[in-house]
Amino acid sequence: MSRTILDVTDLRKDYSQRRGLISMLTGQERVIPAVDGVSFYLRENETVGLVGESGCGKTTIGRTVLRLTDPSSGRIVFDGRDITRLSRAELRPLRREMQMIFQDLDAGLNPKMRVQAILREALTVYERPSDAEIARRIRELLEQVNLKDSKLANFPAELSGGEKRRVGIARVLAVRPRLIVADEPTSALDVSIQAQVVNLLRDLQKHLGLAYLFISHDLPVVELVSQKVAVMYLGRIVEMGLAESIAHQPRHPYTRILWSSLADKRSTEVREPRAWGVFDFEQPVSGCRFAPRCPLYQDKGRPAVCTDPASEPPLRDAGKGHVVACHFG
Amino acid sequence: MDAPLLAVENLRTYFYSRAKRAFIRSVDGVSLHVAPGETLGIVGESGSGKSVTALSAAGLVSAAPGVIGGRIELRSHRARRNLLDGLERYVRVKERDGRIMAVEKDDRGWRRRAEALMEGVRGKEIAMIFQNPRSALNPYSTIGTQLVETIRLHTSVKGGREAKERAIHWLERVRIDSPRLRFDNFPFGMSGGMCQRAMIAMALSAEPSLLIADEPTTGLDVTIQSRIVDLLAQLKTETGITTLLISHDISVIQRLSDRIAVMYGGTVVETGRAAEVLAPQAQVRHPYTAALLASVPSAEAIRRKSYLQAIEGEVLDTIEVPRGCRFYARCNRVTEAVRQNCAGLEPPLGEVAPGHKVRCWLYPAARNA
């Protein structure tokens, strides 16, 4: 069994929102829990997929586990070391081992630097290799991400989307990370290029033993690349388990809705839409946070347990490492 | 077949890229037609020219040099005209070895004439819905006010109270809950899906002959996407509106289209009935369409955790258009028998079956066309 590289326990991240003059004067703040008690772990050579609708806290988790934003509470253990409260200086040597691929293709690519200089900079952040060594490493990186030598002289603006993504990945690989948080790595790319990048990320994992936290709303891709998948709703994990069981034997009604809406889009029959509210962070939830939108809650005749303020359903074990937060799942 | 409501012929729309110091042939000789009551789905990757084709048809291309030439024939009850009629005299294009060297365009003359041709067409005869509904709605005015404005401007309903009733009627038709309450909502108080519904209501409330839907589901959450697709399917059966649907999402195109045009590098490479073009076991198919369909992970591929079938290489940037087939550099189905043709000569759209055309040298239809 490979070792655990990231262990997150009861992670919380609140964002506060001031509501204008009155609350500024009275000092009252509204607190929005973007991540509300999330626990999971990630092993070397493993991919955990994180899915959910926009605003559910996926990206916040990614940023918080890398300490790009500070958690409000909880514990983040990276490779056996508690990094929750480390200072910036203490974090610095660890940063090279945990990297992020951003959704934005241009993130991290200085528009005024050629690809060569971008990679050179990445290689010299933590080390002082000789020029010959740098040249060797740049060649190696280009090979790893399958990019032509001729692109070294280009500026980012002269690259296509797929090439920018490859340079971005090469830049991350330059520091030899062990954990990569990939935040929507393919969503800005074309379908045919997406497939190239997905294949590339899987190849790199195989050869370098990388661990990925793979954040995406593209369900088929998540199912393909991940061993485990966590489904998030309103800041919480509502179901987590092996990728194939999440996709094919989901137990939480929300997971079922996510995957079936994918199938709905393809089917040609016309159905009357179900009543389907919109989630709202600002409304206080009592009981299960999914109940207001839950078809099961309606079908079961609105059982009181679902909206009982004292009992938000906890994640319970459903066997084979599958956990689900539903009274009826 | 019915006479088309919209017939685009040899449309060319170019842009100048300052970063690359070159002209980009976004749309480079596109011909398509949409029959009354039909939905034509245009599918392709970014840069294939699908959105620019739609924007050109609606006269909404503003960047220079923009639309260069072609015909956009609209034949509805209220307007029958070529929207690019007599515009070619304002433009001159200099080309060398597949590269555009210069475009001389009398922009003022063009604009004056084009706007005259667009009079009573844009918004009225051709309505559009866009990818980002929030940016297309006016943030400073309520959904209701915006709908009423559209209705009074574009339909025979002029009275205030009557227009309000029409507006509420349209909000109901797009399945917005409590339409009377939503009437007074501002766009910022509404979710993305709700804004898209309001946008659709606004487009349809002008009672247009043609609806252009440019990536109507992109950027929305999966659960909301399937709702919007449901809605568009229902409205299609209810109103029978002629639609030009643009999307990179093959599942959306598949669900809503009667016919499909596949675009690559500024041209249409395949067109035909949706069922035929997307048939899982189709024998005759453009290699690009085949590759595009294969790059979407199938249930089988996911279960076996196999590699995705990527299309190698990069999307054509249409600055330097190759002499041969635009897809040649990435094509994996070139045979020795046709290689010379593929490399040297752009194939025409050949009819491989009634109404099914493929731009590929592999099929005798192209050689005979």
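Before the details, two remarks on conventions. Residues are numbered from 1 along each chain as its sequence is written, while chains are lettered from A and ligands numbered from 1 in the order in which they are written. Since the model is predicted, local features need pLDDT of at least 70 and side-chain atom pairs count only at pLDDT 80 or more, whereas totals for chains, interfaces and linings use all residues.

Let me start with chain A, which has 12 helices and 12 strands, where helices (H or I, at least four residues) and strands (E, at least two) are DSSP runs numbered from the N terminus. Of its 329 residues, 42% count as buried; a residue is buried if 20 or more other C-beta atoms lie within 10 Å of its own, exposed if 12 or fewer, and partly exposed in between, with C-beta atoms placed from the backbone. Among the contacts in chain A with a separation of 6 or more, 67% come from residues 24 or more positions apart, and a contact here asks that the C-beta atoms of two residues, placed from the backbone, lie within 7 Å.

The sheet I would like you to look at in chain A is open and has eight strands in the order S6-S7-S8-S3-S9-S10-S12-S11, with mixed pairing. Strand S6 (98-101) and strand S11 (316-317) of chain A are at the edges with a single partner strand each, so one side of each is left without a neighbour in the sheet. Two strands are taken to pair if DSSP finds at least two bridges between them, and strands S3 (residues 47-51) and S9 (residues 228-233) of chain A run parallel and are joined by four bridges, with Leu50(A) having Ala230(A) as its bridge partner in S9(A).

Which residues does Gly162(A) touch, leaving aside its neighbours within four places in sequence? They are Leu189(A), Ile193(A), Gln196(A) and Val197(A), together with Glu314(B) from the other chain. Gly162(A) lies in helix H6 (residues 161-173) of chain A and counts as buried because it has 23 C-beta neighbours inside 10 Å.

That helix brings us to a packed pair. The axes of H6(A) and helix H7 (residues 191-208) of chain A come within 10 Å and cross at roughly 15 degrees, where axes are lines fitted to C-alpha atoms, for helices over the stretch in contact, and angles run from 0 to 180 degrees between N-to-C directions. H6(A) is therefore roughly parallel to H7(A), given that angles under 35 degrees count as roughly parallel, over 145 as roughly antiparallel, 65 to 115 as roughly perpendicular and the rest as oblique. On the H6(A) side the contact is made by Gly161(A), Gly162(A), Arg165(A) and Ile169(A), and on the H7(A) side by Ile193(A), Gln196(A), Val197(A) and Leu200(A).

Turning to chain B, strand S10 (residues 242-247) is mostly covered, with six of its six residues buried. Thr242(B), Leu244(B) and Ile246(B) point one way from S10(B), while Thr243(B), Leu245(B) and Ser247(B) point the other way. Strand S3 (residues 39-43) of chain B pairs with S10(B) in the parallel sense over five bridges, and Leu40(B) has Leu244(B) as its bridge partner there. Strand S9 (residues 210-214) of chain B also runs parallel to S10(B), joined by five bridges, with Thr242(B) as the bridge partner of Leu210(B).

Is helix H1 (residues 50-57) of chain B enclosed or open? Eight of its eight residues are buried, so H1(B) is largely enclosed by the rest of the structure; among them are Lys50(B), Val52(B) and Leu55(B). After H1(B) comes Gly59(B), whose phi is positive, near 65 degrees.

Another helix pair in chain B is H7 (residues 192-205) with H8(B), whose axes come within 10 Å and cross at roughly 20 degrees, so H7(B) and H8(B) are roughly parallel to each other. Residues making this contact include Gly192(B) and Ile200(B) of H7(B), and Ile224(B) and Leu231(B) of H8(B).

Finally, the interface: 35 residues of chain B are in contact with 32 residues of chain A. On the side of chain B that touches chain A, helices H8 (222-239), H9 (250-256) and H11 (287-294) of chain B each supply at least two residues, and H8(B) gives the largest share, 10 residues.
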